Amino acid sequence: MGDYICGFPCGGHRYAKRKQLQTVELKVRMDCEGCELKVRNAVSSMTGVQSVDVNRKQNKVTVTGYVDQHKVLKKVRSTGKRVEIWPYVPYNLVTHPHGSQTYDKKAPPGYVRNVEVVAVSSQPLRQDDLLTNLFSDDNPNACSIM
């Protein structure tokens, strides 16, 4: 009941859920002050936007407010600019920052591409299988305590 604007039954009217305060980071190709101003004005005109930070050197736009990420993306696209969700994370948050998928020479200094590592397996591993393989003779990396 705390997620609704009005918690009382008001004659059968339905109220939309409140949007959460969030920060949306976008990578937008901007060449000049005119591009920067065009993107800033478009995003600032949206309802729920509290602040807009544009960093033209990094091609990064940070929007904070009660907004939907996809609506912000759509609004910036309407300006004719090429835009995507900010694909980079700080260098120190990645376990293997020099991997083939994480390194991006277009990334700003101190950032690498955000890549989630997903292990694909044909059979799910059970805890018993992991323990059994740990001491198996077939496993070349097995523990050899005997």
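Okay, so helices here are DSSP runs of H or I with at least four residues, strands are runs of E with at least two, and both are numbered from the N terminus. On that count, the protein chain has 3 helices and 6 strands. Going along from the N terminus, the order is β-α-β-β-α-β-β-β-α.

Before we go on, this is a predicted model, where local features need pLDDT of at least 70, side-chain atom pairs count only at pLDDT 80 or more, and totals for chains, interfaces and linings use all residues. Residues are numbered from 1 along each chain as its sequence is written, and side-chain values use heavy atoms, with hydrogens and water left out.

How confident is the predictor? pLDDT is its confidence in each residue, from 0 to 100. The chain has a mean pLDDT of 75, with 58% of its residues at 70 or more. Over residues 117-123, though, the pLDDT is below 50, and beyond near neighbours in sequence that stretch makes 0 contacts in the model; a contact means heavy atoms within 4.5 Å.

Now let's look at helix α2, residues 69-77. Which of its residues are buried? Those are Val72, Leu73 and Val76. They cover an arc of only 100° around the axis, so they sit on the same side of α2; the arc is taken from the directions from the helix axis to the C-beta atoms. By buried I mean under 20% relative accessible area, while exposed is over 50% and partly exposed is in between, with a 1.4 Å probe and protein chains only. His70 and Lys74 are exposed, on the face of α2 turned away from the buried side. And what covers those buried residues? The cover includes β1 (22-28), α1 (33-44), β3 (60-65) and β4 (83-85).

Next up, aspartate 53, which is in strand β2, residues 49-55. This one is partly exposed, at a relative accessible area of 48%. Leaving aside neighbours within four places in sequence, aspartate 53 contacts Lys60, Val61 and Thr62. Arginine 40 is 13 residues away from aspartate 53 in sequence, and 8.0 Å away in space, C-alpha to C-alpha.

Lysine 60 turns up again over the face of tryptophan 86, at 4.8 Å from the ring centre. For that to count, NZ of Lys or CZ of Arg has to be within 6 Å of the ring centre and within 35 degrees of the ring normal.

Last, the whole chain: 27% of its 146 residues count as buried.

Note on methods. pLDDT is the predictor's confidence in each residue, from 0 to 100.
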